[in-house]
Amino acid sequence: MSIIIENEYEGEINIPYEKIAHEVIEAAIDYVDCPYECEVNLMLTDNDTIHEINKEQREIDRPTDVLSFPMAEYEQPADFSKIEEDPMAFDPESGEFLLGDIVISMDKVWEQAENYGHSREREYAFLIAHSMLHLFGYDHMEEEERKDMEKRQEEILTKTKYTRDERGLV
């Protein structure tokens with residue numbers, strides 16, 4: 001598995017961000033029983049940069065906490081049955097399944113951790129778990145989808161112990 005982390009954030013990141021990313025990404029891949037070795041790109045940035053990306057890619061003119069750019073299309077979330085039919089789904093050199101890209105605003109991580117009353121580690125882990133589910137085709141546009149996705153996020157966070165009552169307390 002390849003997890004490529006680009007840290008473009010100019011502020012101080014005083015949490016073990018690489019360790020957390022590896023733990024949560026691996027847990028999410030295991031959670032959906034992905035049968036492939038995977039590649040995930042994670043970019044850490046600030047509000048200004050994620051605002052630009054959000055405006056350019058989604059035509060939403062404001063910063064957000066996390067953006068997900070899945071490389072694969074699924075008939076159903078986490079349905080890997082047709083992935084091999086897409087020749088672009090795999091890195092030609094490594095053979096790894098290209099899951100996609102995650103962009104996180106560390107400014108939002110700090111802000112939301114404080115607003116929600118939990119640790120920065122927990123907020124960061126939450127955003128990665130949330131984004132990983134998007135990379136596997138899950139969404140939260142409808143109420144039932146939202147509930148399902150929230151349940152799955154909590155299960156991943158519980159597995160990695162990034163819950164509000166374990167590693168997530170302030």
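In this predicted model, helix α4 meets helix α5 through R122, A125, F126, A129, H130, L133 and H134 on the α4 side and M149, R152, Q153, E154, I156 and L157 on the α5 side. Sorted by class, the residues of this contact are seven nonpolar, three polar and three charged. Helix α4 also packs with α3 and with α1. An open sheet of four strands is present as well, and helices α1 and α2 lie on it.

**Helix α4 with helix α5**
- Helix α4 covers residues 120-135 and helix α5 covers residues 143-160.
- The angle between the two is about 125 degrees, and their axes are 9 Å apart.
- Angles from 65 to 115 degrees count as roughly perpendicular and those over 145 as roughly antiparallel; α4 and α5 are therefore oblique to each other.
- The crossing in which α4 passes α5 is right-handed.

**Helix α3 with helix α4**
- Helix α3 spans residues 106-116, and its axis comes within 8 Å of that of α4.
- These two axes cross at roughly 120 degrees, so α3 and α4 are likewise described as oblique to each other.
- The handedness of the α3 and α4 crossing is right-handed.
- From α3, the contact takes in M106, V109, W110, Q112, A113 and Y116; from α4, it takes in R120, E123, Y124 and L127.
- The class division for α3 with α4 is seven nonpolar, one polar and two charged residues.

**Helix α1 with helix α4**
- Helices α1 and α4 pack at about 35 degrees, with 9 Å between their axes.
- Helix α1 passes α4 in a right-handed crossing.
- On the α1 side the contact residues are Y17, I20, A21, V24, I25, A28 and I29.
- On the α4 side they are E121, Y124, A125, I128, A129 and M132.
- This contact of α1 with α4 has twelve nonpolar residues, one charged residue and no polar ones.

- Y124 of α4 is listed in the contact with α3 and in the contact with α1.
- A125 and A129 of α4 are listed in the contact with α5 and in the contact with α1.

**The sheet**
- The four strands of the open sheet follow the order β1-β2-β4-β3, and their pairing is mixed.
- Strands β1 (2-7) and β3 (66-70) are the edges, each pairing on one side only.
- From one strand to the next, the twist averages 15 degrees.
- Strand β2 (residues 38-45) runs parallel to β1, and six bridges join the two.
- S2 has E39 in β2 as its bridge partner.

**Helices on the sheet**
- Helix α1 (residues 17-31) lies across β1, β2 and β4 (97-105).
- The direction of α1 is at about 145 degrees to β1.
- Helix α2 (residues 47-58) packs on the sheet and touches β2, β3 and β4.
- The direction of α2 makes about 45 degrees with that of β3.

**Salt bridges**
- Side chains of opposite charge can pair when their charged atoms come close.
- With a cut-off of 4 Å between a side-chain nitrogen of Lys or Arg and a carboxyl oxygen of Asp or Glu, the count comes to eight salt bridges.

Notes
Residues numbered from 1 in each chain as written. Predicted model: local features only at pLDDT ≥ 70, side-chain atom pairs only at ≥ 80, totals over all residues. Heavy atoms only, no water. Axes fitted to C-alpha atoms, helices over the stretch in contact; angles between N-to-C directions. Parallel < 35°, antiparallel > 145°, perpendicular 65-115°, else oblique. Left-handed = near helix turned anticlockwise from the far one by under 90°. Contact = heavy atoms within 4.5 Å. Nonpolar A, V, L, I, M, F, W, Y, C, P; charged D, E, K, R; others polar. Pairing = 2+ DSSP bridges.
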